[in-house]
Amino acid sequence: MSVFAVTALGAQCTAVSGPRTAALVELYTSEGCSSCPPADRWLSSLASGDKVPTQVVPLALHVDYWDYIGWKDPYAKREFSLRQRKLSQLQRMALVYTPQVILQGRDFRGWGTAAFDSAVAKIVSQPAKARISLSVRLATANGLEVESAAQLLDAAQQADAALYLAAYENRLSSTITAGENRGRTLAHDYVVLEWAGPFAFAPGGQVVERRQVPLLPRAAAGRSGVVAFVQNRRTAEVLQALMLPACPG
């Protein structure tokens with residue numbers, strides 16, 4: 001069952017989440033990590049199935065703590081490393097590692113196996129605890145104009161729920177000249193370039209956020225998009241997620 005609907009209106013496109021929960025997949029990775037390329041390829045391969053973006057919402061968050069080895073990952077951000085550590089602390093995990101897949105806020109080591117499909121099937125069978133809408137308009141060649149609105153469907157989540165936004169780009173690549181992956185050309189999809197949040201819900205369980213989201217210099221808008229998701233900051237439970245690729249315009 002599709003969990004969302006997309007409508008293109010000229011240069012603007014919109015999406016609305018459906019009644020079932022979409023599965024948020026966060027891959028914590030680094031170009032300085034020799035064991036990460038297989039996980040990067042796996043994340044990219046999700047596009048060949050029928051689950052993205054209707055049931056699975058994938059994101060690649062590049063961390064910065066491998067930069068010291070000799071190669072500085074151009075997509076790495078300190079805030080992604082901090083997010084990974086925070087999610088690990090919520091699960092009482094002593095260490096962070098790459099590549100790490102976090103599925104619906106929880107460490108998941110069965111990526112690339114049938115266990116992933118089984119876990120996703122279980123997630124999407126559950127009623128969503130939040131409703132999200134997204135609107136993206138191509139403002140300039142270097143940015144997206146984004147509006148997101150969310151409503152809680154579970155009043156018990158009011159105190160801890162927050163909305164997050166992430167802008168991503170596909171079909172990125174780097175030729176690595178130092179570090180563990182020296183001499184390799186690495187390809188990436190769903191790479192998070194900009195991150196915003198958490199945005200708290202107002203009394204009544206609603207939040208609206210409008211932002212101008214910059215893209216990389218020379219970024220291809222048609223390979224870009226935005227993700228919105230609602231997460232419980234205390235438990236890391238993902239209440240709903242929604243991906244909107246930039247529509248042709």
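User: What makes the span of helix 2 close to the expected one?

Analyst: This is a predicted model, and in it helix 2 covers residues 78-90, 13 residues in total.

User: How do you know that the buried residues of helix 2 line one face?

Analyst: Start with the list: F80, S81, R83, Q84, L87 and S88 are the buried ones in helix 2. Looking down the helix axis, these buried residues fall within an arc of 160 degrees, so they line one face of helix 2. What they pack against includes strand 3 (23-29), strand 4 (56-62) and strand 12 (191-200).

User: Why are Q104 and A236 called buried?

Analyst: The cut-off for buried is under 20% relative accessible area. Q104 comes in at 12%, so Q104 counts as buried. A236 has 2%, so A236 is buried too. Q104 sits in the loop between strand 5 and strand 6 (106-107), while A236 belongs to the loop between strand 14 and strand 15 (238-245).

User: Why is the link between C33 and C36 called a disulfide?

Analyst: Two cysteine sulfur atoms must be within 2.5 Å to count as a disulfide. The S to S distance for C33 and C36 is 2.4 Å, so the pair meets the cut-off. A search of the whole structure finds one disulfide. Both C33 and C36 are buried.

User: What makes this disulfide right-handed?

Analyst: The torsion about the S-S bond of C33 and C36 is about 90 degrees, and therefore the disulfide is right-handed.

User: How do you know that S30 is buried, and what does S30 touch?

Analyst: S30 has a relative accessible area of 0%, so S30 is buried. Its place is the loop between strand 3 and helix 1 (37-45). Leaving out residues up to four places away in sequence, S30 touches C36, H62, V63, W66 and D73. The S30 side chain also reaches the backbone nitrogen of G32 at 3.0 Å.

User: Why is I69 called partly exposed?

Analyst: Partly exposed is the range between under 20% (buried) and over 50% (exposed). I69 has a relative accessible area of 29%, so I69 is partly exposed. I69 is found in the loop between strand 4 and helix 2. Setting aside residues up to four places away in sequence, I69 touches G32, G179 and E180. Between I69 and C33 there are 36 residues in sequence and 9.0 Å in space, C-alpha to C-alpha.

User: What about Q158: which class does Q158 fall in, and what is Q158 in contact with?

Analyst: Q158 counts as partly exposed, because its relative accessibility is 27%. Q158 lies in the loop between strand 8 (143-152) and strand 9. Beyond neighbours within four places in sequence, Q158 is in contact with L152, F201, A202, P203, G204 and G205. F201 is 43 residues apart from Q158 in sequence, and 6.9 Å apart in space, C-alpha to C-alpha. A polar atom of the Q158 side chain lies 3.1 Å from the backbone nitrogen of G205.

User: Which residues have the most contacts inside the largest nonpolar core?

Analyst: They are V25, L43, L59, L103, F116 and W195, in a core of 42 residues. W195 touches, among others, L59, F80 and R83. Apart from that core lies another, of 27 residues, among them I132, V136, V230 and C247.

Methods: Residues numbered from 1 in each chain as written. Predicted model: local features only at pLDDT ≥ 70, side-chain atom pairs only at ≥ 80, totals over all residues. Heavy atoms only, no water. Helix = DSSP H or I, 4+ residues; strand = E, 2+ residues; numbered from the N terminus. Expected span 1.5 Å × (residues − 1). Buried < 20%, exposed > 50% of the residue type's maximum accessible area, 1.4 Å probe, protein only. Arc of directions from axis to C-beta. Contact = heavy atoms within 4.5 Å. Polar contact = N/O pair within 3.5 Å; in protein donor to acceptor, adjacent residues only side chain to side chain. Core = buried A, V, L, I, M, F, W, Y, C linked by side-chain atoms within 4.5 Å.
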